[in-house]
Amino acid sequence: MKPLPLPALDAITVYGTCISKTRPAKAKARLAQLEDQVAAAAAEFEKAAAGAALHTLGHLKDQPGGDKTASSNKALTGCYTSRMARKGSAGRHLYNELLKAANGLCPLCGHGYANTLDHQLPKITYPLLAVTPANLVPACMTCNHAKGDRDPASAQEQTLHPYFDDITSHVWLAARLTEPPEPGVSFYVAPHPDWTPTLTARVQLHFRRFKLGKLYAAQVGTELSALNDYLRGKPYKAIVDELQHRAASYGTRNSWQAALYRALAASPWYVKAGYLNEWDD
C-alpha cells in the first residue's frame, strides 16, 4: 500500500486525446457531446475520493445511457480499451505516463510489477470515468484481477486509493510468531489508535482483498533461513541488537521485513532458541 501523487493530467484533455482519432466523424461527434458530462463526473470522483466517499457516486452508475448495454456507454468504455490501453492508439502515451508514476512497483500490494491500469471504480459500471486519470491506478495483474469490478456500497467497503490515501505515517503492519511444534509467522493489520473506524475497516479490507498476509508470509522462509544461520552461536544481547537494527534499517516501517524483525526482536523464545528451529514457509 504505497501512496502515489495524483496525476497532473486533466480529465477532459485525456478524454479529448482518446477520442481524437475516432472514426467515422459521426461517432467522434457523439463522443464529443459527452465531454461536459465526463468532466463533471471526473470532478465529482476526485472530491468523493478525497473524502473516502466513492460509495456516494451511485447516481453516476450506467450513465449517460441508463444501462450497460447503451451504445453511449459502450463507446465510453471503448475509449479506454481501444483508444487508451491499446498499443498505437491515440491515448496510449497517456496510459504509459500513468504507468510510469509507479516506478514499476504495484502500489496496491507493494510487490508486483505494475504493468496495467486498474479502475478504482469499474469502467463497466461507471463509463463516464473510463479514462479519468484519478480513477486509473497502476497495478500488477494479480491485484487488478483480485479487485475485479467491485463497487463499494459504503465507506468501509472501499479499498485504499493510492492517490488519495496515505497511511505511511503510522506503523500498522505487524507480525505474529507461532511457537513449536509448528513454528511460523503470520502478518496482520494492527490499527493505529488515531485511525477512525472507517479507515481501520478500509485498511483491513485492502489487506484481505489483495491477500497481503499470504503474500508476505510466502517470503518469510527464505529470509529466516539465512537469518537463522547468521545468528547461530551469537549471545542473547547481540541477537536482540541485530534484530532491532534490521527492523529499523528498512526505509518503510510497514514493509513485511520490518514487521518480521520487530516481532522476532520482541520474542524471548525466538532470541533464546527459536532461531534454531525449522520454520514453516
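1. Helices α9 and α10 cross in a right-handed sense (the near helix is turned clockwise from the far one by less than a right angle). Helix α9 covers residues 220-231 and helix α10 residues 236-249; their axes come within 11 Å and cross at roughly 145°. Axes are lines fitted to C-alpha atoms over the stretch in contact, with angles from 0 to 180 degrees between N-to-C directions. Helices are DSSP runs of H or I of at least four residues, and strands are E runs of at least two, numbered from the N terminus.

2. This is a predicted model, in which local features need pLDDT of at least 70 and side-chain atom pairs count only at pLDDT 80 or more, while totals for chains, interfaces and linings use all residues. Residues are numbered from 1 along each chain as its sequence is written, and side-chain values use heavy atoms, without hydrogens and water.

3. L227, Y230 and L231 of α9 meet I239, E242, L243 and R246 of α10 (contact: heavy atoms within 4.5 Å).

4. Beyond four places in sequence, L243 contacts L227, L231, Y261, L264, A265, Y270 and V271. The largest nonpolar core has 81 residues, and L243 is among those touching the most other members, together with M84, F187 and Y270. Such a core joins buried Ala, Val, Leu, Ile, Met, Phe, Trp, Tyr and Cys residues through side-chain atoms within 4.5 Å.

5. Y188 lies in strand β4, residues 184-189. Y188 is partly exposed, at 28% relative accessible area (buried is under 20%, exposed over 50%, partly exposed in between; 1.4 Å probe, protein chains only).
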